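I'll jot down what I look up as I go.

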Amino acid sequence: METDVTKNNNIYKLLSLEEVMEVARAALSSDTNLIKYTIRPYSNGKFGFLGSHYWLDIIATRKKETVALSFFLKTVPYEVPDQADYVIKKGVFKQETMFYSVIMPLLRKGYHGEPWAPMCYKVKSDSIVFEELSSKGYSMRDKLFDKTLVRAGLSALARLHAASLLAETRLGTSLNRLYPDAFVERAFVHEGMTREWFEAGIDVAAIVAERLGHDPDLIRSACEQVYHAMKPSRTKANVVSHGDLWGNNLLFNNDVSPKCLLVDFQLLRYSPLAHDVAQFLYLCTDRSFRETWESTMLRHYYDTLRETLNIHGTHTQTPPWSELIEGMEEQRLGAVITAIIYFPTVLMDENIGARVMNNPASYADYYFRNRKEFVLSNMERDPVYKRRISEAVIELAELASQLNQLPKPS
């Protein structure tokens, strides 16, 4: 597993000729013949932290016509052995391959609403081939979303959740009962390297809190509450949940009312409706936006969920509005903690992120041991980065001061 497949043209070992042929035929037709293909890095920057990303360019023939195709190839990050080892041990690539090979077909069956994720053409244990979305007008946006993008993102989430509810009505049982291995918690676990990653994030939150005049020990104890928000609800309807809704995992097209597609299902969960909604709002908007627009955005999400279920004309019941509202309050603390742990990494400049994450020594030190100095110095260089991290820490400090009065996930 530690072979550097990117050296000496070994990048081509990511996919065999036969596998590339499969992709071409899945995208075009069974009579397609391959002429040649190339695999090349997708970006010089780092826009994902649990995988590597490439273009797969294919030239093929079909009925005497020559066709050029491009796809998005996502793989285990073999070029950084420590990172690849972590991704494999953490099981996140396994999680995503199971989602696309087992869960996604169940969600798509009988679903005829608007799409909420890209097409997938090939799934292997260490790589996945998707439709290439940039050529279709989709792109990542600034990490702080405006009202238009939030509405589009919530629409995509509502459709994913509706597809989950529809699938369970058809199957007559819950998806996590049928496929428990597909919903194992990967992001927040109590032991191993993932716990080390979490503790390094708590250290950053504590030192930022102290510099802002808040009790760092209170921040540390509050962060331990995150585990409760990651479990299925015992009292509310649960759905297939994306679980990793920071800005780069939502792509938007350029329509006046943009369409959104969700990507990167490596941290899949089975959670109440409000879990994804809260995570999305806390990772992709600021406090001012939430204080002004949260109730309006919740209503938009709920209306889209209900409309999507209704157009399918099944007996699937829309969970009551009260579940979303109660769930939002129960999920708020977990969403703030997730933001505090994520922001120092996901909000850094992509080129800086690439320098840190693609160097084996700096990757291991930053991810698992000590990211305090790096984050503090980056906060001094980047005022937006500083503001968003500080704002999240302040909100957590406020919630931590009334921990016993907060509603617990139920």
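At what angle do helix 10 and helix 14 pack, and how far apart are their axes? Before answering, I note that this is a predicted model, where local features need pLDDT of at least 70 and side-chain atom pairs pLDDT 80 or more, while totals for chains, interfaces and linings use all residues. Residues are numbered from 1 along each chain as its sequence is written, and side-chain values use heavy atoms, with hydrogens and water left out.

**Entry one: two helices.** I find helix 10 (residues 321-346) and helix 14 (residues 383-400) packed at about 150°, with axes 9 Å apart. Helices here are DSSP runs of H or I with at least four residues, strands are runs of E with at least two, and both are numbered from the N terminus. Axes are lines fitted to C-alpha atoms, for helices over the stretch in contact, and angles run from 0 to 180 degrees between N-to-C directions. That angle makes helix 10 roughly antiparallel to helix 14 (the label is for angles over 145 degrees).

Next I looked up who touches whom, contact being heavy atoms within 4.5 Å. Helix 10 brings residues including Leu333, Ile337 and Phe343, and helix 14 brings residues including Tyr385, Arg388 and Glu395. By class I get 12 nonpolar, no polar and two charged residues. Nonpolar means Ala, Val, Leu, Ile, Met, Phe, Trp, Tyr, Cys and Pro, charged means Asp, Glu, Lys and Arg, and the others, Gly among them, are polar.

I traced an open sheet of five strands in the order 1-2-3-5-4, with antiparallel pairing (strands pair if DSSP finds at least two bridges between them). Strand 1 (33-41) and strand 4 are the edges, each pairing on one side only. The twist averages 25° from one strand to the next. Helix 1 packs on this sheet, touching strands 1, 2, 3, 4 and 5, and its direction makes about 105° with that of strand 1. Helix 3 (residues 92-108) lies across strands 3, 4 and 5, at about 50° to strand 5.

**Entry three: the hairpin.** Three bridges join strand 4 (residues 120-123) to strand 5 (residues 127-131), and the two form a hairpin with three residues between them. I see Val123 opposite Ile128, and Lys122 opposite Val129.

Which residue does Lys124 form a salt bridge with? I get Glu19, with the closest N and O atoms 3.1 Å apart. The rule asks for a side-chain nitrogen of Lys or Arg within 4 Å of a carboxyl oxygen of Asp or Glu. Lys124 sits in the loop between strand 4 and strand 5 and Glu19 in helix 1 (residues 17-27), 105 residues apart. My count by this rule comes to 27 salt bridges.

Conventions: Parallel < 35°, antiparallel > 145°, perpendicular 65-115°, else oblique.
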